Amino acid sequence: MQARKKYVLLGLCACCWLVLFYWGGGVQLRLLRLLTRQRGEVVRPWPNWTDRAFLPRYAHLDELQTDPGTAESPRQRRQAWSAIYKDSRCRMETCFDFSRCRRRGREGFRVYIYPSEKNDHVSESYRKILTSIAESRYYTSDPREACLFVLGIDTLDRDQLSGQFVPNVDERIRGYPLWNDGRNHLIFNLYSGTWPNYTEDLGFNIGQAILAKASLNTEHFRPGFDVSIPLFSKDHPQKGGERGWLVRNTIPPRRKYLLMFKGKRYLTGIGSDTRNALHHIHNGKDIVSLTTCRHGKDWEKHKDARCDHDNLEYERFDYQELLHNSTFCLVPRGRRLGSFRFLESLQAACIPVLLSNGWELPFSDVIQWNQAVIEGDERLLLQVPSTVRAVGNERVLALRQRTQMLWEAYFSSVDKIVLTTLEIIKDRVFSHISRNKYMWNSLPGGLLVLPEYSTHLAHFPFYYLGLGISPGQEFTAVIHAVSPLVSQSQPIMKLLQVVSKSKYCSQIIILWNSEKPPPNRSKWPPMPVPLTVTDGRRKVRAKNRSMTSRQMLSLFVNFAFLVWRSFPERIVGYPPRSHFWDPLKRAWGYTSKWTNDYSIILTGAAFYHRYYHYLFSHYLPQSLRTLVDRTSNCEDILMNFLVSAVTHLPPIKVAQRKQYKELPSPQCVPSKVIIGTKSVPWANPEHFNQRQECVNTFANWFGYMPLVHSQFRLDPVLFKDQVSVLRKKYKDLERA
């Protein structure tokens with residue numbers, strides 16, 4: 001009985017405690033939220049620390065004190081912003097004219113660049129931005145076709161003390177007949193405001209224009225309208241860019257240093273509070289946090305007691321060595337919220353630890369940054385070491401891998417930064433066919449996923465593995481015929497008979513591209529699958545071209561198709577080729593020498609997913625497709641460039657035959673198998689020279705060499721074994 005009374009009493013106490021917590025703490029929290037909303041203040045959540053068990057430790061108040069001469073209250077900042085941007089509440093629905101984009105359907109997203117005036121000075125960075133737009137598939141030289149307008153005036157640097165500052169922008173843009181208070185205009189900016197406050201003042205009224213800006217503050221960011229972009233240097237590459245560093249240092253997941261920072265320390269003014277406190281976490285062992293006062297013309301006038309010691313310690317470590325060998329990289333705010341170290345850390349696979357309260361991260365509309373960075377709080381600096389120590393190895397590796405995916409997909413070049421900005425805006429305009437978050441945050445990234453093709457993940461080959469699905473079990477054979485049909489014994493007839501017998505072939509399409517008209521349907525042999533003859537005597541676009549064929553297709557098509565179904569994102573086929581760097585000519589070379597090493601599979605005898613045909617026609621520039629059309633050459637090389645750029649993987653070779661020469665061969669594409677018949681094209685000596693030139697032209701457009709070498713080959717079981725042919729599944733390969 002005594003025990004029962006004790007348990008009842010404990011139960012009553014627990015119930016009372018829960019009631020008090022709910023009606024006390026819960027109601028108080030709800031009332032506090034209600035009151036703060038009534039005052040118009042934004043309630044921001046606490047930082048999402050990995051380990052919440054550690055209590056915060058604070059730096060001394062004097063070190064976190066902002067210069068009193070530059071302090072502004074939140075109300076003053078809001079009033080200043082409202083005075084500059086009267087349309088601070090703009091949304092796409094209220095400040096954007098959709099009719100300009102939709103009147104031509106999906107092709108209506110066109111971007112017009114205002115011509116620069118004679119005496120305009122354009123910085124190198126802004127010239128790269130304009131070049132990226134001008135070379136994109138969205139550019140138009142006709143303003144009547146434009147959905148979006150970009151100023152020719154350089155607006156990147158709006159610091160009045162900068163030599164790149166352009167005056168009188170307000171007066172000039174008001175004189176543009178198409179300005180329309182900024183409606184449907186896109187303004188790029190990297191630096192705003194000036195000493196000592198470095199506010200977000202651009203020095204002119206952007207009106208209803210979309211702002212693509214670095215260091216955007218969440219307080220001023222217009223969600224679903226503006227685009228936050230990264231701060232990048234003038235040396236950032238126009239195209240391509242370097243690969244991330246994780247491929248060179250994958251294992252172990254942790255590096256020599258746990259956490260590092262090396263950079264300027266501001267003695268006064270905005271940004272000084274955070275960086276002045278960084279020395280507290282430096283231990284010189286696994287945490288290296290170095291700052292220097294030695295910058296600016298008059299730094300000695302403001303130096304404090306720590307400057308000399310900090311400067312000496314600063315020189316002991318090399319920045320690149322730290323960057324290559326650190327697991328986490330501190331990215332504190334500078335004078336503005338953004339920092340060059342953000343992109344440097346992403347590339348180096350050094351997990352960014354952000355200390356920049358209020359920073360709207362780049363492309364935050366579409367990128368899930370919690371999978372790549374750790375967002376800290378400037379006020380909780382001393383909690384950072386214990387936080388990063390608590391991150392497990394699996395999480396470290398996952399974060400590092402995501403930094404590489406984001407770097408290579410969106411940040412490695414000016415081209416990618418600009419195109420990502422345009423694609424985000426395009427998704428807003430055509431929201432019914434926009435990309436979802438999964439497409440933006442998984443390989444190969446949103447720029448290579450064209451929603452005009454499909455918005456269904458299962459329609460893209462690179463998502464099959466993640467979705468746990470398999471590609472289709474049939475293909476369509478497309479035969480590209482360029483010679484007239486003379487007799488029933490021609491190779492194309494034999495090819496038709498063999499291909500049609502494949503249990504995976506669903507239909508055959510003959511693309512007739514001979515000078516003579518196609519024969520009547522009765523002239524073609526009976527087929528177990530539907531046969532369609534299409535007159536393609538007009539100029540055939542590059543996507544429908546192919547190399548010529550021979551009967552080898554019939555000997556390996558079933559096996560190659562089964563291999564492709566295991567690697568649906570790659571090119572799988574037979575005839576290999578390779579590229580190499582020629583140091584004497586300082587150019588890329590192309591070789592057909594028979595070696596174990598290859599980087600190209602000729603698409604005349606290869607399977608690949610039909611989505612790559614769509615990318616070929618709608619992603620690649622018209623200039624490359626025109627080159628292929630004009631030379632009737634290199635389309636197979638270009639397709640290999642494209643697929644390797646998407647996957648970062650080599651093609652796959654199957655069933656090597658030593659007897660094979662560089663002769664015409666068939667092309668098998670899942671849902672499309674392209675085969676042709678004509679005289680050997682490479683009998684012309686110019687053919688090989690053209691292919692050498694193509695390799696360099698394509699590498700120049702991509703900005704890097706996407707082709708990847710491999711020595712991997714897949715053969716049928718018992719293919720080379722000395723056993724009876726009757727025991728082999730693909731017997732005909734023995735007699736090829």
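## Overall make-up

Helices (H or I, at least four residues) and strands (E, at least two) are DSSP runs, numbered from the N terminus. By that rule the protein has 22 helices and 21 strands. This is a predicted model: local features need pLDDT of at least 70, side-chain atom pairs count only at pLDDT 80 or more, and totals for chains, interfaces and linings use all residues. Residues are numbered from 1 along each chain as its sequence is written, and side-chain values use heavy atoms, with hydrogens and water left out.

Of the 736 residues, 53% count as buried (under 20% relative accessible area, 1.4 Å probe, protein chains only). Contact means heavy atoms within 4.5 Å. Among contacts with a separation of 6 or more, 76% join residues 24 or more positions apart.

## Helices H5 and H14

The axes of H5 (residues 124-134) and H14 (residues 414-429) come within 9 Å and cross at roughly 60°. Axes are lines fitted to C-alpha atoms over the stretch in contact, and angles run from 0 to 180 degrees between N-to-C directions. That makes H5 oblique to H14 (angles under 35 degrees are roughly parallel, over 145 roughly antiparallel, 65 to 115 roughly perpendicular, the rest oblique).

H5 contributes Lys 128, Ile 129, Ser 132 and Ile 133 to the contact; H14 contributes Val 414, Asp 415, Val 418 and Leu 422.

## Aromatic rings

The whole structure holds 35 aromatic pairs (ring centres of Phe, Tyr and Trp, its six-membered ring, within 6.5 Å; planes under 30 degrees apart are stacked, over 60 edge-to-face, the rest tilted). Trp 701 and Phe 702 have ring centres 4.9 Å apart and planes at 90°, so the pair is edge-to-face. Both Trp 701 and Phe 702 are buried.

Notes: Buried means under 20% relative accessible area, exposed over 50%, partly exposed in between (1.4 Å probe, protein chains only).
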